[in-house]
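Dear colleague,

My notes on it follow.

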Amino acid sequence: MPVSRREFLNLLAAAGGAGAVVKAGAALGIMPADAAASTLDLAAGNGRSAVILGGGISGLATAYELGKAGWDCTVLEASHRCGGRIFTVRHGTLIDELGNRQYCEFDDEPHMYFNAGAARIPNTHRTLLSYCKELGVELEIFINENKTCWVQDDALLGGKPVRNIEYTTHMRGFVAELMAKAMHESDMDEPFTEAEAETLLGMIRSFGDLSEDNVYRGSFNAGFASGGFLNEGVQKDIIAFRDLLKTPFAMTLLRTNEGETGPILLQARGGMDRITEGFLRQVGDRVSYRAMVASIQVRDDGVEVAYDQDGARRQIRADYCFNCIPTHLVTGLDHNFPAHYVRALKFVLRGEAYKAAFQAKERFWEKQDIYGGISWMNNRSQQIWYPVAGIHQQKGVILAAYDYGGGMYHTRMTQQERVEAHLADGEKVHRDYRNLVEKPVTVGWHRMNHMLGCSARWRRSFREGWTGETEDHYRTLQAPVNGRHYLIGDQVSMRSAWMESALLSAHWAMNDLDRRLRNAPA
Amino acid sequence: MIRLAFICLLCVASLASAAEREPFDDRYCTTCHGADGRGNEGVQAPRLAGMEPWYLKRQLENYRDGIRGTHPDDIEGVAMQPMAAMLTDESIQDIIEWVGGWNYVPAEHTISGDIDAGRTLYQPCATCHGADAEGNEALGAPALAGQNDWYMVTQIRNFLAGYRGVHPQDVYGAQMRVMTTGLNGENDINNVVAYINSLSD
Ligand SMILES: Cc1cc2nc3c(=O)[nH]c(=O)nc-3n(C[C@H](O)[C@H](O)[C@H](O)COP(=O)(O)OP(=O)(O)OC[C@H]3O[C@@H](n4cnc5c(N)ncnc54)[C@H](O)[C@@H]3O)c2cc1C
């Protein structure tokens, strides 16, 4: 007789606590609906005007959507380019880092580019993906985790790089062995029926590739020492459990492919700024460049904005204003925002990401069976990314460092010091690295002109998460000022640092305005 | 329309050797220091509008020459230093003229403290900075009234901790280091800054 739904839930409740019931309840519910992107159905603009501050993706999407509805839109962008934190560096690109201006010297080839800002699109970021489709932005698969890539830590096996697959296979093996032992030696199998316990043990065995006696003796999953095709494969030596535990990668490597950076990830073919270009094909004529906003005055009947362009102070007035300028720069403008709004603006802290890249004279990683993916280093450069673009061509562009959480360590260095640091770190993974790479570019987001930060930091600590105070400030910034000025961008979301959040924030603002306009007495 | 001071060296420039290159804009002070140099707490960059030309000159030169902004714990100074490193005497003069075109707007007060206690603490400071914190060029002491209070707090802390004013060529900084030793702890710092705030009310 099949187990009833209730019995099944009871079983889970016994083993997993009440939380498991809630989640399983949802899983057993109706079949999942198709994934739906956020869409807008805006009323006709009827000649209404909007001024959009900042040509980040949220600003451009706002110009695009309002334009479709017949609004008169103007985008003011301080920089020489739109896209903000969507920034692809290729031949000739100006990297406008304050105090460290660079022009990229990569070869002028379509596959020779570096996404210095946004680089990955998770398959669940539907709004972004549907814009890519609508705007004709070609996508390709991005490879984040590639188990053939290297793991390097001075504390592990004397600093010898190890294939990710070796490390993780052995780690899973030993952990599985522990779990299998624990099941036998304690009453851990108590809450389960014999059949369930058998399934669980089977799962543990296959998870760790254990022998029949539940001992880990190495695995072909880690690759062959020799043979494998025409001759019998020879297993690689096991790395001792103790050794595996010498590196903090023990705590991170098994989850780099989970959650939002888990498969499937995509990227825009030819560089992430193809997304910006897609929007600009639609609204490019609405954008005013090198137009730096200096003042925002919210009035009862509209918004007055002053900006500097070509050495002159200019004015523009519009019925509504959408603003994706980073909060920490908005605080430096002349404005008439209410005090609680200013407090909320100041509450948000700025992130510190840092990235660097090299042109490689030859695709040396492909000689090591590596096609795309990330090598992890336990040093300050942290990561090496191998390109998906241009497989088997002569040259390629590799990411030489990516510090997402910190970044100031390299940002504070001179260009020469940064480059030397990445060469010294990288040559621990790739012999002759120093001679194989050239034409470095580095991007300290904390110093990028008109950005001065990476992504908004709302949380004061990871443990604390979103407190009531945080959420109050967040709702304050999400709401319009006097019904006329909307702050947008991923900074006005609970998940900053994603293009999807920037788009959803813009959609929220446009929907809110649309609802208010529809409800307003004629 | 208000004409901004025209700055020949600091406006949109292009490299003669690579004419096709994207021109860059060297007039980036306001990215950090806010519109018209009003100061920006969001990135901890102080008000420049209304700053005395001689003081601005001295500080830009100090930054450029590595006299200020090189101690790793001087977080904001370390951010400023590379901006100044590329300046020439001429471009410093241009910046001073540009900044001179901005209207003085007293900074918003963000710090509260015991103003009466602050008045007493301020007495030694008044010798150089003036009874109304209006500054004194002859003594090389800048005006404090109207400056961002959070900036003054940071600088006092920096002097006390030896993050600023330790370079052998920083004569005025060394004086400030001595003077700040009269302030004991965060309360004193807040009180004296609260008093300086009260002078620009
Ligand atoms: C290193 C890094 C990695 C990232 N990785 C990913 C990723 O893999 N996937 C992903 O989805 N997202 C990623 N992100 C986040 C993504 O780039 C952002 O969420 C998104 O691009 C933000 O868009 P936005 O509309 O909020 O505006 P922004 O991109 O922040 O644009 C703001 C705009 O305002 C302009 N501006 C500033 N001051 C003024 C002024 N005074 N007047 C006029 N204009 C002004 C700026 O020049 C800029 O163009 C990453 C970001 C960084 C930095």
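Two strands are taken to pair if DSSP finds at least two bridges between them; helices (H or I, at least four residues) and strands (E, at least two) are DSSP runs, numbered from the N terminus. This is a predicted model, in which local features need pLDDT of at least 70 and side-chain atom pairs count only at pLDDT 80 or more, while totals for chains, interfaces and linings use all residues. Residues are numbered from 1 along each chain as its sequence is written, and chains are lettered from A and ligands numbered from 1 in the order in which they are written.

In chain A, strand 8 and strand 13 (residues 265-268) run antiparallel and are joined by 4 bridges. A:Ile141 stands opposite A:Leu266 of strand 13. These strands belong to an open, antiparallel sheet of 3 strands in the order 7-13-8.

Helix 3 of chain A (residues 57-68) is largely enclosed by the rest of the structure, because 10 of its 12 residues are buried (20 or more other C-beta atoms within 10 Å of their own, C-beta atoms being placed from the backbone). Among the buried residues are A:Ile57, A:Tyr64 and A:Glu65. Just after this helix, A:Gly70 takes a positive phi of about 90°.

Chain A gives 29 residues to the contact with chain B, and chain B gives 25 (two residues are in contact if their C-beta atoms, placed from the backbone, lie within 7 Å). On the side of chain B that touches chain A, helix 3 of chain B gives the most, with 4 residues.

Yours sincerely

How values were computed
The expected span of a helix is 1.5 Å times one less than its number of residues.
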